[in-house]
Amino acid sequence: MQTLRALAKLIRLLSWVLYTYWRIRTVFHKFGPEEHARAVEEWAQGMLSILGITVRVQGEPSKGPVLMAANHISWLDILVMHAACYCRFVAKAEIRDWPLLGVLTEGGGSLFIERTSNRDAMRVVHQMADALVRGQVLAVFPEGGTGDGKTLLPFHGNLLQAAIVAQAPIQPISLQFLEAQSGEISFAPCYRAEDTLLGSVWRTLCAPPLLAVVHYGKNEMAQGRNRRAWAVDLRESIRRLID
């Protein structure tokens, strides 16, 4: 029965992805900023509903200009944060080439970065700073990789430079996936180095109902810190939110 339920979810999920793909290709370009943000939120909420994931928001998401910084657990993180509050993500460039998901990520307004290129990092930092000056809400995963939801990887500070340049705040955010019934941490959605995307998706489809907790912390300004020092302090802020 678990397998049949998972397959039924998968069929519904693929149908929703294809529908969203069609909308991005045909009507997204006609939307203004508010319509676009609402459409992305609805797409993310629909995906999570099919997967049996409920989103719980703690704290208040900030309005722009702000750079949101969150811990990174899963391929679901972008969906969860979009469902809670629309923001523009900075994503690794290879996602753009993924079948279907690349179009969906780009349609969500993401900025793409070649993580191995220092020159491209500077290009993206300038692009992010310009967006912040225009009052937008951006989001990054400073870990640069995915953890297990309990421990945090070291934070990288390169992209935080955009907030320093734009004199914008950073809002720390913690993400957690819990089993809805027991409240225990769920590792089903994890997407670590040893995992495959298909394996992680299938575990999530087979999992019992999940609760995704998005905990928004208080905004922080640089206050004279460079990006490396700020990265260390942000990691501690997010660790406290998780605890």
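What span should the 25 residues of helix H1 have at 1.5 Å a residue, and how far apart are its end C-alpha atoms? This is a predicted model, in which local features need pLDDT of at least 70 and side-chain atom pairs count only at pLDDT 80 or more, while totals for chains, interfaces and linings use all residues. Residues are numbered from 1 along each chain as its sequence is written, and side-chain values use heavy atoms, without hydrogens and water.

**View 1. Helix H1, residues 2–26.** The expected span (1.5 Å times one less than the number of residues) is 36 Å, and the end C-alpha atoms are 36 Å apart, which agrees. Helices (H or I, at least four residues) and strands (E, at least two) are DSSP runs, numbered from the N terminus. An α-helix has 3.6 residues a turn, so residues three or four places apart point the same way.

**View 2. Asp195, in the loop between strand S6 (170–179) and helix H7 (197–206).** Asp195 counts as buried because its relative accessibility is 16%. Beyond its neighbours within four places in sequence, Asp195 is in contact (heavy atoms within 4.5 Å) with Cys190 and Arg203.

**View 3. The cis peptide bond from Gly64 to Pro65.** Here omega is near 0°. Pro65 belongs to the loop between strand S1 (53–58) and strand S2 (66–70). Most peptide bonds are trans.

**View 4. Gln167, with a positive phi near 55°.** You will find Gln167 in the loop between helix H6 (161–166) and S6.

Definitions and conventions
Buried means under 20% relative accessible area, exposed over 50%, partly exposed in between (1.4 Å probe, protein chains only).
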